[in-house]
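Work through the exercises below with the sequence and the 3D structure in view. Each task is followed by a solution in steps.

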Amino acid sequence: MYAFIVILLACVHSYCPVGGKTVSGVFRSHIARENNGQYITTFLYHGENGLMSYRLENVPLAVHKEARLLLFQGIKGFENLSCLDRVSGAQLTITLITEEHNQTIPRQARPQAWHVIYADRYTCQEENLDGVLEDVGFQLTMLNPDSAGNPMDHFSAEDAGLHTFFFMLILAYFVASCIYMQPLWKALHKGGPMHPVLKILSMALFLQGLSVLWNYIHMAKYARDGVGTPLMDNLAEFCDMVAQVQMLYMLLSLCLGWTLSRGRKSHSKPLQWDSSPVSTALALGGVVTQGALLIWEQFEDTEHQSFHGYRSVPRLLLMVLHVILTLILASVLYRIISAERNTLKRDFYLSFAKGCFLWFLCHPVLVLLSILFNEHQKEKVVTIGVILCQSISVVILYRLFLSRSLYWEVSSLSSVTLPLTMSRSPRGQY
């Protein structure tokens, strides 16, 4: 499993996307001709005083090419338009004749996506490109109005508020770690039959916290320059992917281990992780499948707007995989619960099922619910919802394996010093 994680890390860091709404690059005439316009970027403007500014490196060449930027509010049916119709159908046309220029965006009654496309005199004509193959370097900056109405906000409308959310989440992680770090460390140091579960839960929670931290650092810099720190963005995605892989391996191994070894399980050691070669192989198969889809998504999603997105094919396949795994786990747990006569153990399995289903189903369910929201709200609803639901799922599993009454049944260890206990007696306090 750790070798697979190393490969995953190498793949993530071998691919460095261009992100942010301060976009640098070059205008290429041959690409504009091949695609009826060179697509540059998109940005969701809102309110008044939206601004788009550009800076050119070779103004005489841009003037010779009759270069211009085309801004479209919507591109539905865009692919079916001819080249001339596409060029003439732009809501705004900016002729590139100066080194720098600021273009005010018309007032938006509601957040609206504007698409930026480059075109020149050669885009829709058959003129020979020999001698004009030199590219024009550029830098575009898109700004929304801030709280004072000034065009200073680099965040697109679909990203607005995420910076504050990650800050509040970091604060929550910090407070929780101050309260529970020491007793949790003591519980892990003791060992016991559920020690592997607690280690994986702790590592998954730690990786989730790191992902939130890297996202906050990236967005804090993004708020200043519109580019952010792509390395931090990649690290955030990597930490989230490893947490997903670890949790999948643990949940599958537990359920399959309980089922495949049920006939030979010792009654003196109930509910502990009893893996077998078959259960381990099946769990690794699920891990490899999910890992392959996550890596595929890194190459498919060039904008990396959110590592909990849903618009790419691999992400849709990943959600389908989660639904299938949920059905498998539900079938496994139903058979276990139906055959269990001990009420305490049945409650244990039911609580475990809630944690599993919340982890796997939060993403598909939130994607379906996001249909009810406006376009600029969908990404935020899915991103914030998935992070919160999966954090809650980890907490549920923590409370399950560390609570006094159930942990006694699991490991026969005293839980006086264990954190997150549900005992209300004075002796249960730490």
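**Exercise 1: a pocket**

The second largest pocket holds about 880 Å³ of space. The model is predicted, so local features need pLDDT of at least 70 and side-chain atom pairs pLDDT 80 or more, while totals for chains, interfaces and linings use all residues. Residues are numbered from 1 along each chain as its sequence is written, and side-chain values use heavy atoms, without hydrogens and water.

Task: state which residues are closest to the centre of this pocket, and which element gives the largest share of its lining.

Step 1. The lining has 25 residues (each with an atom within 4 Å of a pocket point). Closest to the centre are Y173, A176, S177, L205 and F206.

Step 2. Two or more lining residues come from each of α5, α6 (195-225) and α11. The largest share, 12 residues, belongs to α5.

Step 3. By type, the lining has 21 nonpolar residues, four polar and no charged.

**Exercise 2: two helices**

Task: find how the axes of α5 and α11 are placed.

Step 1. The axes of α5 (residues 162-190) and α11 (residues 375-402) come within 13 Å and cross at roughly 10°.

Step 2. Therefore α5 is roughly parallel to α11 (angles under 35 degrees count as such).

Step 3. Residues of α5 including L162, F165 and Y173 meet residues of α11, among them K380, I384 and Y398.

**Exercise 3: confidence**

Task: state the average pLDDT of the chain.

Solution. The average pLDDT (the predictor's confidence in each residue, from 0 to 100) is 76, and 77% of the residues score at least 70.

Note on methods: Axes are lines fitted to C-alpha atoms, for helices over the stretch in contact, and angles run from 0 to 180 degrees between N-to-C directions. Helices (H or I, at least four residues) and strands (E, at least two) are DSSP runs, numbered from the N terminus. Angles under 35 degrees count as roughly parallel, over 145 as roughly antiparallel, 65 to 115 as roughly perpendicular and the rest as oblique. Contact means heavy atoms within 4.5 Å. On a 1 Å grid over the protein atoms alone, a cavity is a set of points where a 1.4 Å probe fits but cannot get out, and a pocket is an open set with protein on both sides within 12 Å along at least five of seven lines; lining residues have an atom within 4 Å of a point. Grid points are joined across faces, edges and corners, and a volume is the space filled by probe spheres set on the points. Ala, Val, Leu, Ile, Met, Phe, Trp, Tyr, Cys and Pro count as nonpolar, Asp, Glu, Lys and Arg as charged, and the others, Gly among them, as polar.
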